[in-house]
Amino acid sequence: APRSMQARARTMKLALGPILYYWPRHAVLDFYADVAAAPVDVVYLGETVCSRRHELRLPDWLEIATMLADAGKEAVLSTLPLVEAEADLRLVRKLVEHERFRIEANDMGAVRILGARGARLPFVAGASLSVYSAQMLSLLANEGAMRWVSPPELSSATLADIVRAAPVGVETEVLAHGRLQRRAAGKPLGQFRCTAGRLLHGSVGTPGFAAARRQHLAAPGGH
């Protein structure tokens, strides 16, 4: 979902968040073919709502990421926000193995896997990691985070405090426009989210409304 704010470094980029709806495969492929020509700098890809949705598999996401990278975009592979089963962990490990693309870690299990493997590319700390303090951001930066996505419920005052205290080199990304993703909080909610995705499938007229767009700023002290 879009994100924006002001920071000490004035360089701003536009990022496109992952698709939250359960679209058919052809709609997803057509959408990202259009995104390749769109004026966005960063594109987040992958299933971030429900592990039971399989319209696209990892090879499909990697193919889309390659296409976007060839078009000059920074492609980022996003993990699930709730890693519950061994199958979810296997997917995270497979994502980490493809070191060409940066990972958006949306679960602390993903953070641990990235740290344990000594991933070549620093990762993005997703909004579902719930960074509410500069101390938490510093902890994630020590694990290899180079960018963090502010939780949408964070107040502007708290956000400003965290940005001021952010480690040098860590970028900040905030919601600027788009619909919020329902937060994961255990299996019943996860099941509801999967069902909701299927109910909404086909009811959205324009793909652009479903994919949240984001903006992120260069890190304090950056160029």
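Modeller: Happy to! Helices (H or I, at least four residues) and strands (E, at least two) are DSSP runs, numbered from the N terminus. This is a predicted model, where local features need pLDDT of at least 70 and side-chain atom pairs count only at pLDDT 80 or more, while totals for chains, interfaces and linings use all residues. Residues are numbered from 1 along each chain as its sequence is written, and side-chain values use heavy atoms, leaving out hydrogens and water.

On a 1 Å grid over the protein atoms alone, a pocket is an open set of points with protein on both sides within 12 Å along at least five of seven lines, and lining residues have an atom within 4 Å of a point. Grid points are joined across faces, edges and corners, and a volume is the space filled by probe spheres set on the points.

With that in hand, the largest pocket holds about 450 Å³ of space. Its lining has 23 residues, and those nearest its centre are His-54, Leu-56, Arg-57, Leu-58 and Leu-91. Three elements each supply at least two lining residues: helix H2 (58–70), strand S3 (74–78) and helix H3 (86–97). H3 gives the most, with seven residues.

By class, the pocket lining has twelve nonpolar, five polar and six charged residues. Here Ala, Val, Leu, Ile, Met, Phe, Trp, Tyr, Cys and Pro count as nonpolar, Asp, Glu, Lys and Arg as charged, and the others, Gly among them, as polar.

Methods. On a 1 Å grid over the protein atoms alone, a cavity is a set of points where a 1.4 Å probe fits but cannot get out, and a pocket is an open set with protein on both sides within 12 Å along at least five of seven lines; lining residues have an atom within 4 Å of a point.
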